[in-house]
Amino acid sequence: MDATPLPDPADWQRIARPDRRLSIALAALYEYYPTLDGPPGAEHESYVDGAVARLAPPFQADAARAEVLAGAIRHAISFPTWQSLVRTSGLVPLDAVRLMVAMVKTAANGPGDRG
């Protein structure tokens, strides 16, 4: 087991704005991932499931977008996504977070809504 614990959802769960909540959650995870010696273990999958369940509802996506939204959040918070954006592509974590928040907002609202 890794010495550094997973970020505490309580740190971001009480933030009302969904995009800001997601941004704080991603920043915490993108700060956590470099502390790992390799890919996260099984406890991470359970954490991801819980994070998706906490992060998706505030976006208030309609039923047609809910599955797309959940998939986008799951992708954004995954270790391989962080690894691809930060380690492989060389993005600074803040830019990776901004990119993933924009993707999730698009998933929640559909491609025509820029709000």
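**Close-up views of helix packing in a predicted model**

View 1. Valine 52 is buried, its relative accessible area being 8% (buried is under 20%, exposed over 50% and partly exposed in between, with a 1.4 Å probe and protein chains only). The model is predicted: local features need pLDDT of at least 70 and side-chain atom pairs count only at pLDDT 80 or more, while totals for chains, interfaces and linings use all residues. Residues are numbered from 1 along each chain as its sequence is written, and side-chain values use heavy atoms, with hydrogens and water left out. Valine 52 lies in helix α3, residues 42-55 (helices are DSSP runs of H or I with at least four residues, numbered from the N terminus). Apart from neighbours within four places in sequence, valine 52 is in contact with Pro57, Ala70, Ile73, Arg74 and Ile77 (contact means heavy atoms within 4.5 Å).

**View 2. Helix α3 against helix α4.** The axes of α3 and α4 (residues 63-77) come within 10 Å and cross at roughly 135 degrees (axes are lines fitted to C-alpha atoms, for helices over the stretch in contact, and angles run from 0 to 180 degrees between N-to-C directions). The two helices are therefore oblique to each other (under 35 degrees is roughly parallel, over 145 roughly antiparallel, 65 to 115 roughly perpendicular, and the rest oblique). On the α3 side, His44, Val48, Asp49, Ala51, Val52 and Leu55 meet Ala70, Ile73, Arg74 and Ile77 of α4.

**View 3. The largest nonpolar core.** This core has 33 residues, and Leu26, Tyr30, Ile73 and Ile77 have the most contacts inside it (a nonpolar core is a set of buried Ala, Val, Leu, Ile, Met, Phe, Trp, Tyr and Cys residues joined through side-chain atoms within 4.5 Å). Two or more residues each come from α2 (18-32), α3, α4, α5 (79-88) and α6 (93-109). Helix α6 gives the largest share, seven residues.

View 4. Beyond its neighbours within four places in sequence, leucine 26 is in contact with Ala76, Ile77, Val97, Met100 and Val101. The axes of α2 and α6 cross at roughly 140 degrees and come within 9 Å, which makes α2 oblique to α6. Residues Asp19, Leu22, Ser23, Leu26, Ala27 and Tyr30 of α2 make the contact with Pro93, Ala96, Val97, Met100, Val101, Val104 and Lys105 of α6.
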